Each structure stands twice: as C-alpha cells, then as structure tokens.
Amino acid sequence: NEIRMPADQGIAGWVAQHQEPLLINDAYADPRFYREVDRRTGFKTRNILCLPLINRHRECIGTLQVFNKRSGDFTSEDGRRLESVSHYVTIALENAKLYEDLKVLDKAKERVIDHLSHELKTPLAIIRSVLKQLERALDGKQTLRFQKTLKRGDRQVDRLLDLQNKIDDILNQRPEVEQQRIIHIIENAADLVDEFSELDHASHRKILVLISERLRTLFHVEAIQREQINLAPFLRDAAQEARAAMGERTLFIDEDLDEALSLQVDRRILHLVVSGLLKNAIENTPDEGRIIIRLEDREDEARISVTDGGVGITDTNRDLIFGGFFHTVDTELYSSKRPYAFNAGGAGADLLRMKVFSERLGFSIDFETKRCPHLPMDGDLCPGRISECPAVTHPDACLTSGGSSFYVDFPYKAFAREKEETHPA
C-alpha cells in the first residue's frame, strides 16, 4: 500500500526540491526527517541514503532511497554505487510514463472513432428513411401523414448542422500552417466536384453545384471583431438563455458576478464559449442540482467560471477532455439525447472549439474536477435526479460529492481591461 506525504517534507522532499543527494546516519537527529511514516508502518529508520532521479531534461522526477544499512553507516562509496543504479531507475520511470501517455492517446483515438461512428449513424439512418418516405409520397396525397416524420428529419438535420458549425469554427481558428493544409484538401475536393458538375444529368449537376459552393465557404477564415463588453450583464443574459433552453428541467443557476468588469473581446466567440460551458454544465448536472457562473477580478486577469453539480470526470478522461469528439460515458452506454437533457451526449466538439478559440485569441481555459465516490468508473451512471440516488439521503450530500469547474481567464494586457470607478457619495 502506498503512503503519501507532503512533497516539501522529509528527506525525500528536501532531496527532490534541492536536487542534491543526502546521506543521513542518524535519522531522528536530523530535523528534516519525517517521522510520520515510521509511526504508521512500525518501521524504525536508523540511517538513510537518498538521491534525486534526474531525467535528460534536468528535471527531478522522483527520489531513490535506501534505509538501514546492515552493518555500520552509509559511506560516500555507497552513494556512488546507488547513483549508478539510479540512472537505470530514472530511465525505467520515464519509459513507464511514456507508455502510459501512449495508452491515453490510443484510448482517445479509439473514442473519437467510436463516437463519430455512433453520432453520425443514427441521424443519417433517419434522414435516409425520411427521404425514402418522401419519395413514395411525391403524389401529394398523403402530405399530412408525413408532417411528424418531416419534423423528426429536421431535428436530425439540425444535429448534423450543429456538428458542422462546430467543425467550421475549429477549422477556421486552427494555426496558419494547419489551416493552409486543410484548405488545400478542400480546394482539391472542390475542383473535383466542379469537374463532375459538368455531367449531363441536370439533377446531379444541381447537387454538385451546391456541394461545391459549400466547400468554397470553408476557405473563408472569419475575422475577429473585438468590442467593449460589460461582462456582468452579458453573462446574466447568457444564464437566462440557458435557463430557457433547458426547458422543464429542475436545475438552479446561481450568479456571482463582479459588476465592474468589461473587456475588449469578440462578442460571438465569447457567447459561444460561455453558452457552451453552461450547456455542458446543464447536461452533466442531475435534476435538483445547482450550477454557479462566476465573474471575478484576479488582478492580472478576469476569470469566468462555470461550476456544475455533476459526478465529475475520472482520472483516465481528464487528459482527453479537450481532445474533441469525446464523451465521458462509455460508448456502450452513450446515448444522444435532446440538447440540455441530463447526459445528453452530443458531438463533444464544444470543448475542443473553446480550446481552439483560446489558442488563437490568447485567453486560457482549464478545469478542476472531483469524481463522485459513489460512481468511480465511467460505466457507473447517475440516475439523473438527486432524490432518486440511493447513495445520498439529502441533496446537499450530492452537491458536495462531485462536480467540475471550468475556468476561462482573460489577461488584461491582451483584452484591454476597463473597470468602472466608484466615488464616495
């Protein structure tokens, strides 16, 4: 079993911070010795030889310690021997870390493929069915019968268009080199479509022209339009929009806003970021839960944060959350629902789009999360309403057991801080 101790305490803590070896032949006489480990294990430490593990980047990634030499005190020769061993230990630890990182990347790739397959399969199947039914109904005799079917088709088309818009934003905000590479691919596709549009079939030609026009629109990179925005009323309006959008769900959105802050920022992008965070919070918070949107002055930057009352994110998923087309629920359990419904799913592109915006505009986005101890694994599902959870007896217990906070920080240097001055009456 592991024993955790503060990184700035004990012989190991001192060695890690100073990146220097220590040879201690009377542990209890050294004030740096951390006695709590001995107390908890029943072990009696007499002497210690401790070395820092320094990688090729000159970073200390840990320490290597030996205790209680069988006979006599540790010597400098012991230190040299342990140092020769420590190099191999450092390499092994680095390789183990690289292996874990590769596993995370492989998991992300697998989830992207699974998610895109799942997300596109259902709406496309319904659209195909709708089109076939419309084809059979061209005589115009049964138009009313198909109104419900048409509405279902419209909803699925909207889902695809929403996904397309998010991908457009992601593509438009990519760094210049990557953007040019993508545009080159699109240009080749557009040229190919133009060639096929010369075919004799009029119906085919019309469709291909429409496809070509759509491809051409992807060339355009939307310019940033900054304006001075009073943040508190802007965020209040966004919160009200979110309340209206979530319909009959029983959620509370609290506001804690510094009324004096304003920034020079693109209104459209700010709205996409804030509304996206609120939507994400609503979809991850069970009914009877609480969401908090905050605006605070942090001396060098303005911070907008959205805290949900959800179950939090598992350790495995934390490194993947901004990767795009990613959902935290296992693919086998995932289900796309109406936007703003609990565990609605969706395309998973919102957070990637926000990350891309932040890279181009110069703000930062990050998060903190605490996983609900009653639902430790991705496959553990919340019932969606606090009063229906068998693990808690009171809503407050749920509100403090898990959840995530997303932070968006706008440096004043880059976003022209303006703060209203107050004068005494």
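**Close-up views of a predicted model**

**Figure 1. Salt bridge between Glu227 and Arg267.** Glu227 and Arg267 form a salt bridge in which the closest N and O atoms are 3.1 Å apart. The model shown here and in the other views is predicted. The pair links distant parts of the chain, 40 residues apart: Glu227 belongs to strand E4 (residues 226-230) and Arg267 to helix H8. Glu227 is partly exposed, its relative accessible area being 32%. Arg267 is partly exposed as well, with a relative accessible area of 37%. Side chains of opposite charge can pair when their charged atoms come close. The structure holds 18 salt bridges.

Figure 2. The side chains of Arg243 and Glu255 meet in a salt bridge, with an N to O distance of 3.0 Å. This pair links distant parts of the chain, 12 residues apart, with Arg243 in helix H7 (residues 231-245) and Glu255 in strand E5 (residues 252-257). Arg243 has a relative accessibility of 24% and therefore counts as partly exposed. Glu255, at 32% relative accessibility, also counts as partly exposed. Arg243 and Glu255 are members of a network of salt bridges that also includes Arg236 and Glu259.

**Figure 3. Salt bridge between Asp287 and Arg249.** In the salt bridge of Asp287 with Arg249, the closest N and O atoms are 2.8 Å apart. Asp287 is in the loop between H8 and strand E7 (290-297), and Arg249 is in the loop between H7 and E5, so the pair ties together parts of the chain that are 38 residues apart in sequence. Both Asp287 and Arg249 are buried.

**Figure 4. Asp38, a buried residue with no salt bridge.** Asp38 lies in helix H2 (residues 36-41). Asp38 is buried but has no salt bridge. Lys44 is the nearest side chain of opposite charge, at 5.9 Å from Asp38, whereas a salt bridge calls for a side-chain nitrogen within 4 Å of a carboxyl oxygen. With neighbours within four places in sequence left aside, Asp38 is in contact with Tyr28, Phe33, Phe43, Lys44 and Thr45.

**Figure 5. Packing of helices H8 and H10.** Helix H8 (residues 267-284) packs with helix H10 (residues 350-361) at an angle of about 145°, and the two axes are 10 Å apart. The crossing of H8 and H10 is left-handed. On the H8 side, the contact is made by Ile269, Leu272, Val273, Gly276, Leu277 and Lys279. H10 contributes Asp350, Leu351, Arg353, Met354, Phe357 and Leu361. By class, the contact of H8 with H10 has eight nonpolar residues, one polar residue and three charged residues. An α-helix has 3.6 residues a turn, so residues three or four places apart point the same way.

**Figure 6. Helix H1 and its cover.** Helix H1 spans residues 10-18, and its buried residues are Gly10, Ile11, Ala12, Gly13, Trp14 and Val15. What covers these buried residues includes three strands: E1 (22-24), E2 (48-54) and E3 (60-67). H1 is followed by Gln19, which is shown in the next view.

Figure 7. Most residues other than glycine have a negative phi. Gln19 is not a glycine, yet its phi is positive, about 55°. Gln19 lies in the loop between H1 and E1. With 38% relative accessibility, Gln19 counts as partly exposed. Glu299, another residue other than glycine, has a positive phi near 65°. Glu299 is found in the loop between E7 and strand E8 (301-307). At 67% relative accessibility, Glu299 counts as exposed.

**Figure 8. The whole chain, for orientation.** The chain has 12 helices and 11 strands. Of its 425 residues, 39% are buried. Among contacts between residues at least 6 apart in sequence, 73% join residues at least 24 apart.

Note on methods: Residues are numbered from 1 along each chain as its sequence is written. This is a predicted model: local features need pLDDT of at least 70, side-chain atom pairs count only at pLDDT 80 or more; totals for chains, interfaces and linings use all residues. Side-chain values use heavy atoms; hydrogens and water are left out. Helices (H or I, at least four residues) and strands (E, at least two) are DSSP runs, numbered from the N terminus. Buried means under 20% relative accessible area, exposed over 50%, partly exposed in between (1.4 Å probe, protein chains only). Lys and Arg count as positive and Asp and Glu as negative; His and the chain ends are not counted. Contact means heavy atoms within 4.5 Å. Axes are lines fitted to C-alpha atoms, for helices over the stretch in contact, and angles run from 0 to 180 degrees between N-to-C directions. A crossing is left-handed if the near helix is turned anticlockwise from the far one by less than a right angle, and right-handed if clockwise. Ala, Val, Leu, Ile, Met, Phe, Trp, Tyr, Cys and Pro count as nonpolar, Asp, Glu, Lys and Arg as charged, and the others, Gly among them, as polar.
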